[in-house]
Amino acid sequence: MAVHIEPPVAAMARAWARAVCAEPGSSTAPYQLEPVLVDIVERLLHLARTEPFPVPQARMLGARLAEAPFERTRMLAHATRWLLGFPSGVPGSLVATRWPLVASQAIDSYAQALQERALAQQEQNISAKVSLRVQEIAALQHRLRHEATHDALTDLANRTLLQERVRAMAADPSRGVGVLVVDLDRFKQINDGYGHAIGDEVLVELANRLREVCPPDTVICRYGGDEFVVAANPRRDTLGELAHRVVAALRDPVWSSAGPVPVSASVGTAFCPPGKTCDFTDLLRRADRAMYSAKSAGGRRFALAESGDPELGTAVAG
């Protein structure tokens, strides 16, 4: 009975593949590696017979050991052992003499490819970390900017952001700048009667109502403890309409954790027409004076401060 003798290249490739796949953490099967190893070794043997000595081709074959299906294997030591120890031919023959040189070039190229892959992975990891850090810094800058320009309790704009936005509004010659000063009526009585925690609940709820009733392009600012300022950029003076809606929105009780809390507000407006120089301090002073006129008239109403004596209006029916 004839005994099948496996060719040396195939036998070596099988033993090599099994040894590699037996390494801890390997997820590759021997059958995936064997045919590729056979092809590489046979090509290296062919190069050992070629004149002149084919260094570039040998290095290209060595680099293949770092590519699929070997990219998830650790086998530099195995490659060195199996290639240098492979009986390539009869001792003293051309192939046997040249084989160590050919194998060494392939091994050196494989090691270089592994090093380049490791460096590329390291650069990718560093790049990912840098990108994440940049995003974190940008998010932190955004948060710090938001905290520097917004009220901590209501998250409305603060005085700094209000002035910045009004300056931007005033730079548009086709639009005017309008200001509403909104002052809560008898808010001290709420703090004294219900406590400051309930007072804070009231302020947060009324801030939300202002957001709902004011157009998206307005700036709503918590200017003081119980005082809000709304800045708008209309083409004509429509502040009376907005003031009416604000007074109406702030007249219903606030349902707090202590039960319903009665609220109302007095509103004063001032408007700087398009094309005129806008002095924010003067605009705010005029709106504030109009607000006090509304408050002196009993509150729960608004006053327009665009001519001589403020014109009073109310949003309270009945």
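What we have here is a predicted model, in which local features need pLDDT of at least 70 and side-chain atom pairs count only at pLDDT 80 or more, while totals for chains, interfaces and linings use all residues. Residues are numbered from 1 along each chain as its sequence is written, and side-chain values use heavy atoms, with hydrogens and water left out.

Along its principal axes, the C-alpha trace spans about 120 × 50 × 30 Å. Of the 318 residues, 40% count as buried, where buried means under 20% relative accessible area, exposed means over 50%, and partly exposed lies in between, with a 1.4 Å probe and protein chains only.

Now to the cores, a nonpolar core being a set of buried Ala, Val, Leu, Ile, Met, Phe, Trp, Tyr and Cys residues joined through side-chain atoms within 4.5 Å. The largest one has 34 residues, and the members touching the most others are Trp-16, Val-41, Leu-44 and Leu-65. At least two residues of this core come from each of H1 (8–21), H2 (30–48), H3 (55–63), H4 (76–84) and H5 (94–149), with H2 giving the largest share, 9 residues. If we set aside neighbours within four places in sequence, Leu-44 is in contact, meaning heavy atoms within 4.5 Å, with Ala-58, Leu-61, Leu-83, Trp-99, Val-102 and Ala-106. A second, separate core of 31 residues includes Phe-187, Cys-214, Val-254 and Phe-302.

How are the buried residues of H4 arranged, seen down the axis of the helix? Those residues are His-78, Ala-79, Trp-82 and Leu-83, and they fall within an arc of 110°, so they line one face of H4; the arc is that of the directions from the helix axis to the C-beta atoms. Their cover includes H1, H2 and H5, whereas the face turned away from the buried side carries the exposed residues Ala-77 and Arg-81.

Next comes Ser-266, which sits in strand S6 (residues 265–272) and is buried at 0% relative accessibility. Its side chain makes a polar contact of 2.7 Å with that of Asp-185, a polar contact being a pair of N or O atoms within 3.5 Å, where within protein one must be able to donate a hydrogen and the other to accept it, and residues adjacent in sequence count only if both atoms are side-chain atoms.

Finally, some backbone details that may deserve a look. Arg-186, in the loop between strand S1 (177–184) and helix H7 (187–194), has a positive phi of about 55° although it is not a glycine. Arg-300, in the loop between helix H10 (280–296) and strand S7 (301–304), likewise has a positive phi, near 55°, and Arg-300 is among the residues that Ser-266 touches. Both arginines are partly exposed, Arg-186 at 47% and Arg-300 at 30%. The peptide bond from Ala-68 to Pro-69 is cis, with omega near 10°, and Pro-69 is found in the loop between H3 and H4.

Methods: Helix = DSSP H or I, 4+ residues; strand = E, 2+ residues; numbered from the N terminus.
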